[in-house]
Amino acid sequence: MDPPFACPICKAAVTPELKTFPFCSERCRLLDLGAWLDERYRVARPLASAAGAAKGVSEDGEEGGPGAGESDVDSSD
Ligand SMILES: [Zn+2]
């Protein structure tokens, strides 16, 4: 019993045995690649409004246990 897979592009039913899985066809595969590249180019674009949440970095100190346990028993004689 194979779980139903759907092509991310056209939502057509696909099977993992397909050479183009998870896409139903080479066409959809290329379409997805094109969309991915398009998005990549958009992100790569130098945005002017880059000033974001750069400030306000909470520097959380390390967790200091109640009374540093000295489990380092050194019997030097
Ligand atoms: Zn498809």
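**A helix and two strands in a predicted chain**

The secondary structure of this chain comes to one helix and two strands, where helices (H or I, at least four residues) and strands (E, at least two) are DSSP runs numbered from the N terminus. The model is a predicted one, in which local features need pLDDT of at least 70 and side-chain atom pairs count only at pLDDT 80 or more, while totals for chains, interfaces and linings use all residues. Residues are numbered from 1 along each chain as its sequence is written.

Read from the N terminus, the elements follow the order β-β-α. Of the 77 residues in the chain, 5% are buried; a residue is called buried if 20 or more other C-beta atoms lie within 10 Å of its own, exposed if 12 or fewer, and partly exposed in between, with C-beta atoms placed from the backbone. Among the contacts in the chain with a separation of 6 or more, 3% are made by residues 24 or more positions apart, two residues being in contact if their C-beta atoms, placed from the backbone, lie within 7 Å.

Helix α1 takes in residues 26-44, and its 19 residues reach 27 Å from the first C-alpha to the last, close to the 27 Å expected at 1.5 Å a residue; the expected span is 1.5 Å times one less than the number of residues. The helix is hardly covered, since the count of buried residues among its 19 residues is zero. Arg 29 lies in this helix and counts as partly exposed because 19 other C-beta atoms lie within 10 Å. Leaving aside neighbours within four places in sequence, Arg 29 is in contact with Thr 20 and Phe 23, and its C-alpha atom is separated by 9.1 Å from that of Cys 7, 22 residues apart along the chain.

The loop between β1 (5-6) and β2 holds Lys 11, and Pro 8 lies in the loop between β1 and β2 as well. Pro 8 is partly exposed because it has 15 C-beta neighbours inside 10 Å; beyond its neighbours within four places in sequence, Pro 8 is in contact with Pro 22, Phe 23 and Asp 32. The C-alpha atoms of Pro 8 and Asp 32, 24 residues apart along the chain, are separated by 8.0 Å. Lys 11 is exposed, because 10 other C-beta atoms lie within 10 Å, and its phi is near 65°, a positive value in a residue other than glycine.

Pro 22 is found in the loop between β2 (13-14) and α1, and a cis peptide bond with omega of about 5° joins Phe 21 to Pro 22. Most residues other than glycine have a negative phi, and most peptide bonds are trans.
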